[in-house]
Amino acid sequence: NTMNYEYSCGAVVFTTIGGVPHYLLVRAKDQPEGCHGFPKGHMEPGETEEQTALREIFEETGIRVRLVEGFRSVTEYDLPTPSETRKRVTFFLAEYKNQQPKFQESELAGFALAPFEEALELTEYADSKQILTDAHAFLTR
């Protein structure tokens, strides 16, 4: 009985407003109201993790980001049974400047752009909160 792995990549995306990092969070259509996360998606054959993250962020938000060197966070969880699939998601830290996000309406219900404390309240899951906390600490170190 082998576990199938499904790989996704994305990033904690931010822009700086008035000297303060603001985090761009997205809410997928299948997520409850007020539950936001980070742009991410499935790896395509032949892509690196970084390429997947950049492509997915662009597809979901319409923005071109730059990955910040030195930050990488991996989270794993089991998908709802009976799929026997474990999902592994790799998150980077990504910055954008002077762009207005245009959201993929087919997949996303909404988005938020918020400073750290507020962004933390908008994320639902403990692992998302931890990733955001780690990214913010890395950024403001």
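## The pairing of Lys 87 and Glu 6

Lys 87 is buried, with a relative accessible area of 11%; the class takes in residues under 20%, whereas exposed means over 50% and partly exposed lies in between (1.4 Å probe, protein chains only). Glu 6, by contrast, counts as partly exposed at 26% relative accessibility. The two residues form a salt bridge in which the closest N and O atoms are 3.6 Å apart. Because Glu 6 lies in strand β1 and Lys 87 in strand β6, the pair ties together parts that are 81 residues apart in sequence. A salt bridge here is a side-chain nitrogen of Lys or Arg within 4 Å of a carboxyl oxygen of Asp or Glu.

## Basis of the description

The model is predicted, and local features need pLDDT of at least 70, while side-chain atom pairs count only at pLDDT 80 or more, and totals for chains, interfaces and linings use all residues. Residues are numbered from 1 along each chain as its sequence is written, and side-chain values use heavy atoms, with hydrogens and water left out.

## Overall architecture

The chain contains three helices and seven strands, which are DSSP runs numbered from the N terminus (helices H or I, at least four residues; strands E, at least two). Along the sequence these elements follow the pattern β-β-β-α-β-β-β-β-α-α. The radius of gyration of the chain is 15 Å, close to the 14 Å that the globule rule gives for 141 residues, so the chain is as compact as a globular protein of that length. The radius is taken over C-alpha atoms, and the rule is 2.2 Å times the number of residues to the power 0.38.

Taken along the principal axes, the C-alpha atoms fill a box of roughly 55 × 35 × 30 Å. Of the 141 residues in the chain, 44% are buried. The accessible surface comes to about 7,900 Å², and carbon and sulfur atoms account for 50% of it; areas come from the Shrake-Rupley method with a 1.4 Å probe, and for residues only the protein chains shown count as cover. Among contacts between residues at least 6 apart in sequence, 70% join residues at least 24 apart, contact meaning heavy atoms within 4.5 Å.

## Helix α1 and its surroundings

Helix α1 spans residues 49-61, and its 13 residues reach 18 Å from the first C-alpha to the last, close to the 18 Å expected at 1.5 Å a residue. That expected span is 1.5 Å times one less than the number of residues. The buried positions in α1 are Thr 52, Ala 53, Arg 55, Glu 56, Ile 57, Glu 60 and Thr 61. Their cover includes the strands β1 (4-17), β2 (20-28), β3 (40-42), β6 (85-95) and β7 (108-115). Just after α1, Gly 62 takes a positive phi of about 75 degrees.

## Salt bridges around Arg 55

The structure holds 10 salt bridges. In one of them, Arg 55 pairs with Glu 44, the closest N and O atoms being 3.9 Å apart. Arg 55 lies in helix α1 and Glu 44 in the loop between β3 and α1, so this pair ties together parts that are 11 residues apart in sequence. Glu 44 counts as partly exposed, at 42% relative accessibility.

Arg 55 also meets Glu 56 in a salt bridge (3.0 Å, N to O), and both Glu 56 and Arg 55 are buried. A network of salt bridges links Glu 44, Glu 47, Arg 55, Glu 56 and Glu 59.

## A nonpolar surface patch

Met 3, Tyr 5 and Tyr 7 make a nonpolar surface patch of about 290 Å². Patches are made of residues with over 30% relative accessible area and no salt bridge, like charges being joined within 9 Å and nonpolar side chains (Val, Leu, Ile, Met, Phe, Trp, Tyr) within 5 Å. Tyr 5 belongs to strand β1 and is partly exposed, with a relative accessible area of 37%.

## The loop between β6 and β7

Asn 98 is placed in the loop between β6 and β7. Although not a glycine, Asn 98 has a positive phi of about 50 degrees. Most residues other than glycine have a negative phi. Asn 98 is exposed, with a relative accessible area of 81%.

Gln 99 is also in the loop between β6 and β7 and counts as partly exposed at 27% relative accessibility. Leaving aside neighbours within four places in sequence, Gln 99 is in contact with Gly 62, Ile 63 and Arg 64. Gln 99 and Pro 32 are 67 residues apart in sequence and 27 Å apart in space, C-alpha to C-alpha.
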